[in-house]
Amino acid sequence: MTHPIMALQGPLVAALRAVPGLTVFDAPPKGALPPYVAIARHDMLPRDGDAAPGHEHRLVLQVWAEGASRKAAVTMVETILGVALGASF
């Protein structure tokens with residue numbers, strides 16, 4: 001059985017990597033140049049119900065935009081949210 005973190009993070013990362021121009025790292029390699037997204041932290045708490053197991057996920061992403069541009073970072077975040085909220089896991 002797949003661990004709940006991998007069950008969420010795997011498809012999410014795959015969907016984000018399918019976006020042209022969006023690079024996603026678990027940890028950015030030394031010398032990586034923006035723009036990119038790094039998974040800073042992924043925590044999970046069990047939230048089991050009477051009928052089925054459940055989990056609460058907290059995922060922290062770091063967005064690094066080219067040229068220290070707030071507008072570029074916000075655009076990247078909007079893209080990430082669109083992918084994450086529109087994806088079916």
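Exposed means over 50% relative accessible area, and buried means under 20%. The legends below describe a predicted model.

**View 1. The three-stranded sheet.**
The sheet is open and mixed in its pairing, with its three strands in the order E1-E2-E3. E1 and E3 are the edge strands, each pairing on one side only. Strand E1 covers residues 24-25 and runs parallel to E2, to which two bridges join it. Phenylalanine 25 has alanine 38 of E2 as its bridge partner. Strand E3, residues 55-64, pairs with E2 in the antiparallel sense over ten bridges. Leucine 45 stands opposite glutamate 56 of E3. In general, the strands of a sheet pair through backbone hydrogen bonds, in either a parallel or an antiparallel manner.

**View 2. The two helices on the sheet.**
Helix H1 lies across E1, E2 and E3 and runs at about 155° to E2. Helix H2 also packs on the sheet, where it touches E2 and E3. The direction of H2 makes about 150° with that of E3.

**View 3. Helix H1 and its buried face.**
H1 has 14 residues and spans 20 Å from its first C-alpha to its last, close to the 20 Å expected at 1.5 Å a residue. Its buried residues are Ile5, Gln9, Leu12, Val13 and Leu16. Seen down the helix axis, the buried residues of H1 fall within an arc of 100°, so they line one face. An α-helix has 3.6 residues a turn, so residues three or four places apart point the same way. The buried residues of H1 pack against E1, E2, E3 and H2.

**View 4. Glutamine 9 within H1.**
Glutamine 9 lies in helix H1. With a relative accessible area of 11%, glutamine 9 is buried, because that value falls under the 20% limit. When neighbours within four places in sequence are left aside, glutamine 9 is in contact with Asp26, Ile39, His42 and Leu59.

H2 has 17 residues and reaches 24 Å from first to last C-alpha, close to the 24 Å expected at 1.5 Å a residue. Ala73, Met76, Ile80 and Val83 of H2 are buried. Seen down the axis of H2, its buried residues fall within an arc of 90°, so they line one face of the helix. H1, E2 and E3 are among the elements that cover these buried residues. The face turned away from the buried side carries the exposed residues Arg70, Lys71, Glu78, Leu85 and Gly86.

**View 5. Glutamate 78 on the outward face of H2.**
Glutamate 78 is found in helix H2, on the face turned away from the buried side of the helix. Its relative accessible area of 53% makes glutamate 78 exposed, because the limit is over 50%. The C-alpha atoms of glutamate 78 and threonine 2 are separated by 29 Å, and the two residues are 76 residues apart along the chain.

**View 6. The largest nonpolar core.**
The largest nonpolar core has 13 residues, and those touching the most other members are Leu16, Leu22, Val24, Val37, Met76 and Ile80. Helix H1 (4-17), strand E2 (36-46) and helix H2 (70-86) each supply at least two residues of this core. H2 gives the largest share, four residues. In soluble globular proteins, nonpolar side chains tend to be buried together.

**View 7. Surroundings of methionine 76.**
Methionine 76 is one of the buried residues of H2, and one of the core residues that touch the most other members. Apart from neighbours within four places in sequence, methionine 76 is in contact with Leu22, Pro35, Tyr36, Val37, Val63, Trp64 and Ala65.

**View 8. Backbone geometry in two loops.**
Proline 35 is found in the loop between E1 and E2. The peptide bond from proline 34 to proline 35 is cis, with omega near 5°. Alanine 68 lies in the loop between E3 and H2. Although it is not a glycine, alanine 68 has a positive phi of about 50°. Most residues other than glycine have a negative phi, and most peptide bonds are trans. Alanine 68 counts as exposed, at 80% relative accessibility.

Terms used
Residues numbered from 1 in each chain as written. Predicted model: local features only at pLDDT ≥ 70, side-chain atom pairs only at ≥ 80, totals over all residues. Heavy atoms only, no water. Core = buried A, V, L, I, M, F, W, Y, C linked by side-chain atoms within 4.5 Å. Buried < 20%, exposed > 50% of the residue type's maximum accessible area, 1.4 Å probe, protein only. Contact = heavy atoms within 4.5 Å. Pairing = 2+ DSSP bridges. Axes fitted to C-alpha atoms, helices over the stretch in contact; angles between N-to-C directions. Expected span 1.5 Å × (residues − 1). Arc of directions from axis to C-beta.
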